[in-house]
Amino acid sequence: MIQGFGVKTRQRTVGVKVGSVQVGGGAPIVVQSMTNTDTADVEATVRQVAALARAGSELVRITVDRDESAAAVPHIRDRLARMRVEVPLVGDFHYIGHKLLADHPACAEALDKYRINPGNVGFKDKKDRQFAMIVEKAIEHGKAVRIGANWGSLDQELLTHLMDENAKSAAPLEARAVMHEAMVQSCVLSARRAEEIGLAKDRIILSAKVSAVQDLISVYRMLALRADYALHLGLTEAGMGSKGIVASSAALGVVLQDGIGDTVRVSLTPEPNGDRTLEVKVAQEILQTMGIRTFVPLVAACPGCGRTTSTLFQELAQDIQGFIHASMPEWKTRYPGVEALNVAVMGCIVNGPGESKHADIGISLPGTGENPAAPVFVDGHKVTTLRGPTVAADFKAMVIDYIEK
Ligand code: SF4
């Protein structure tokens with residue numbers, strides 16, 4: 001696979017250690033996710049953190065919104081350690097983070113990073129002090145901090161000030177541009193304030209999340225120009241189903257292509273009781289399809305058309321994909337580098353042989369007929385033609401053989 005071909009050189013940021021995981025400073029882009037359980041429910045939260053970590057989430061954020069959830073955090077940490085789930089935990093604090101961290105030192109210690117939203121860390125005269133209290137706790141416990149501005153809770157004082165300034169300007173900007181500026185300033189000024197308080201730059205990560213694709217692209221481009229803090233990238237409130245996946249892919253794709261972003265989260269709205277790990281899978285697939293990181297072998301398959309009157313190629317593509325995913329936990333340890341494998345399962349000879357030649361191993365099934373004759377290509381060369389009803393099983397065996405060799 002051509003790694004990141006076309007992606008601009010990554011913007012150099014200051015690396016931040018979050019537990020054992022480095023974010024920025026040239027480290028591979030980190031995939032992260034967030035639980036939606038009540039953190040006070042230790043069992044449910046441990047289950048979900050473990051599922052997210054096993055799906056490939058390299059950091060997991062949990063809500064810390066009240067005393068009960070803060071008190072649960074060290075127990076969650078202990079339970080995960082006993083299960084040998086080593087993923088760093090990030091605490092998401094709003095409004096009363098300063099109080100929760102002060103009242104629950106075991107929580108402050110158990111977390112690897114604190115997320116602060118500068119828009120709701122406090123109000124007016126209390127704001128600076130409460131922000132400082134969280135930063136001081138991070139310094140005391142040696143933790144990283146993400147200063148995460150959010151479109152939905154933008155610092156209203158700052159926005160009002162910038163709107164007033166803009167109104168007086170000889171060449172006023174559009175209101176949207178002023179909001180972008182407010183997002184960026186909210187992050188950067190807060191980060192500078194944290195440094196003044198004594199937090200080292202290699203403990204600070206920034207994010208400025210919005211829910212519209214074009215806004216996100218503008219804001220992150222501005223943010224990357226203004227500072228070299230490590231950047232957490234994500235489209236907030238991306239939405240449900242295909243809308244959320246498409247919007248996140250479009251936004252993150254453009255920003256990542258610019259070389260911006262050190263850690264990503266895809267914020268999907270799950271179906272009620274739906275699979276939370278989908279956001280991890282989508283984040284991985286965005287990074288992998290862009291050639292930035294590899295996580296699991298990719299199966300390229302054509303969409304099928306009027307030439308595919310049999311369903312054989314769809315069945316084989318599905319079968320191979322399922323088989324690869326199920327085998328990955330074992331393959332990862334037995335065959336390091338297997339995640340970069342490309343497999344092609346194509347529906348007919350129009351594009352089949354060509355696409356198969358570009359893959360590490362590919363098969364081109366005939367579009368029709370009960371007794372297929374399917375050429376197989378390995379490393380760009382045709383090696384055999386599989387025939388008859390055992391084509392699927394024979395091709396699977398060839399994939400395993402290829403990996404083992
Ligand atoms: Fe149709 Fe063949 Fe193209 Fe697949 S490869 S979409 S079956 S023409």
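The second largest pocket has a volume of about 310 Å³. A pocket here is an open set of points on a 1 Å grid over the protein atoms alone, where a 1.4 Å probe fits, with protein on both sides within 12 Å along at least five of seven lines. The volume is the space filled by probe spheres set on the points, which are joined across faces, edges and corners.

This is a predicted model: local features need pLDDT of at least 70, side-chain atom pairs count only at pLDDT 80 or more, and totals for chains, interfaces and linings use all residues. Residues are numbered from 1 along each chain as its sequence is written, and side-chain values use heavy atoms, without hydrogens and water.

Twenty residues line the second largest pocket. Lining residues have an atom within 4 Å of a point. R61, N150, T236, E237 and R265 are the closest to the centre of this pocket. Strands β7 (144-150) and β12 (268-269) each supply at least two lining residues; strands are DSSP runs of E, at least two residues, and helices are runs of H or I, at least four, numbered from the N terminus. By class, the lining has three nonpolar, nine polar and eight charged residues. Nonpolar means Ala, Val, Leu, Ile, Met, Phe, Trp, Tyr, Cys and Pro; charged means Asp, Glu, Lys and Arg; the others, Gly among them, are polar.

Now the largest pocket. Its space is about 570 Å³. Of its 19 lining residues, R54, A55, G56, Q284 and K332 are the closest to the centre. Helices α1 (42-55), α10 (278-289) and α11 (312-334) each give two or more residues to this lining. α10 gives the most, with five. Domain 1 (16-290) and domain 2 (298-404) each contribute at least three, with bounds from an automatic or database domain assignment.
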